[in-house]
Amino acid sequence: MQIGVDFALKVVEWDPQTIVRLQLWDIAGQERFGNMTRVYYKEAVGAIVVFDVTRPPTFEAVSKWKTDVDKKVRLPNDDPIPVVLLANKCDLAKEPLTNEKHMMDKYCAQHGFAGWFEASAKENINVEASVRFLISKILECDTRRPVPADDADRITLSDAATSQGKNKPKSAGGCC
């Protein structure tokens with residue numbers, strides 16, 4: 001028996017000082033391996049839940065997957081990790097979900113999603129935009145990030161390392 005899990009590594013230059021290294025784990029919504037998801041979620045700092053707009057039952061499973069993520073992985077401050085909802089195969093949809101934007105916005109707010117996007121992996125529609133959105137949410141939650149410029153008189157560990165000549169780009173990331 002083979003477990004249908006795939007992963008990829010992606011490096012994103014967020015800005016000149018920040019390199020984001022992502023580990024993307026695709027568990028393919030295989031419910032029969034649901035008891036193993038804790039292993040895949042370990043140390044995750046963000047997630048994407050995907051449903052197929054051409055197959056309504058996949059949307060019905062979205063809240064189950066979101067609940068699973070929320071129960072099994074948390075940020076150090078015990079908040080849930082940011083999760084983005086993707087409505088995949090928008091290129092094949094009979095009617096775009098943007099016509100039901102209010103309903104999708106309400107659904108995401110009720111279930112704690114950071115946001116949602118219509119996407120097409122095949123046509124590369126909103127794939128990069130959704131990942132960049134998730135990265136922005138991850139970085140908002142990252143307590144290791146430097147303080148804003150208006151607090152420049154405060155010293156952080158990253159400032160101390162830079163002042164010692166260690167001008168390496170900061171790195172953020174984790175499983176998504």
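Trainee: Is phenylalanine 51 buried or exposed?
Mentor: Good place to begin, and keep in mind that this is a predicted model. Buried means under 20% relative accessible area. Phenylalanine 51 has a relative accessible area of 6%, so the word for it is buried.

Trainee: Which kind of pair do the rings of phenylalanine 51 and phenylalanine 59 make?
Mentor: A pair of aromatic rings is described by the distance of the centres and the angle of the planes. By the pairing rule there are four aromatic pairs in the count. For phenylalanine 51 and phenylalanine 59, the centres are 4.8 Å apart and the planes stand at 65°, so this pair is edge-to-face.

Trainee: What about the rings of tyrosine 107 and phenylalanine 113?
Mentor: Planes under 30 degrees apart count as stacked. Here the ring centres of tyrosine 107 and phenylalanine 113 are 6.4 Å apart and the planes are at 25°, so the pair is stacked.

Trainee: Which ring does the charged end of lysine 66 sit over?
Mentor: Lysine 64 has its charged end over the ring of tryptophan 65, 3.7 Å from the centre. For lysine 66, the charged end is 5.7 Å from the centre of the ring below it, and that ring belongs to phenylalanine 113.

Trainee: Now the sheet: which strands stand at the edges?
Mentor: The sheet is open, with three strands in the order 3-4-5 and parallel pairing. Each edge strand has a single partner strand, so one side of it is left without a neighbour in the sheet; the two are strand 3 (47-52) and strand 5 (115-118).

Trainee: How many bridges join strand 4 to strand 5?
Mentor: Strand 4 (residues 83-88) runs parallel to strand 3, and six bridges join them. Towards strand 5, leucine 86 stands opposite phenylalanine 117. Strands 4 and 5 also run parallel, and the number of bridges joining them is four.

Trainee: At about what angle to strand 5 does helix 4 run?
Mentor: Helix 5 (residues 127-141) also packs on the sheet, touching strand 3, strand 4 and strand 5, and makes about 170° with the direction of strand 5. Helix 4 (residues 101-111) lies across strand 3, strand 4 and strand 5, and its angle to strand 5 is about 140°.

Trainee: Within what arc do the buried residues of helix 4 fall?
Mentor: In helix 4, the residues Met104, Tyr107 and Cys108 are buried. They line one face of the helix, because, seen down its axis, the buried residues fall within an arc of 95°.

Trainee: Which residues are exposed on the other side of helix 4?
Mentor: The buried residues of helix 4 have a cover that includes strand 3, helix 2 (56-60), helix 3 (62-72), strand 4 and strand 5. On the other side of helix 4, the exposed residues are His102, Ala109 and Gln110.

Trainee: Which residue follows helix 4?
Mentor: Look for a positive phi, near 80°. The residue that follows helix 4 with that phi is glycine 112.

Conventions: Residues numbered from 1 in each chain as written. Predicted model: local features only at pLDDT ≥ 70, side-chain atom pairs only at ≥ 80, totals over all residues. Heavy atoms only, no water. Phe/Tyr/Trp six-rings, centres within 6.5 Å; stacked < 30°, edge-to-face > 60°. Buried < 20%, exposed > 50% of the residue type's maximum accessible area, 1.4 Å probe, protein only. Lys NZ or Arg CZ within 6 Å of the ring centre and 35° of its normal. Pairing = 2+ DSSP bridges. Contact = heavy atoms within 4.5 Å. Axes fitted to C-alpha atoms, helices over the stretch in contact; angles between N-to-C directions. Arc of directions from axis to C-beta.
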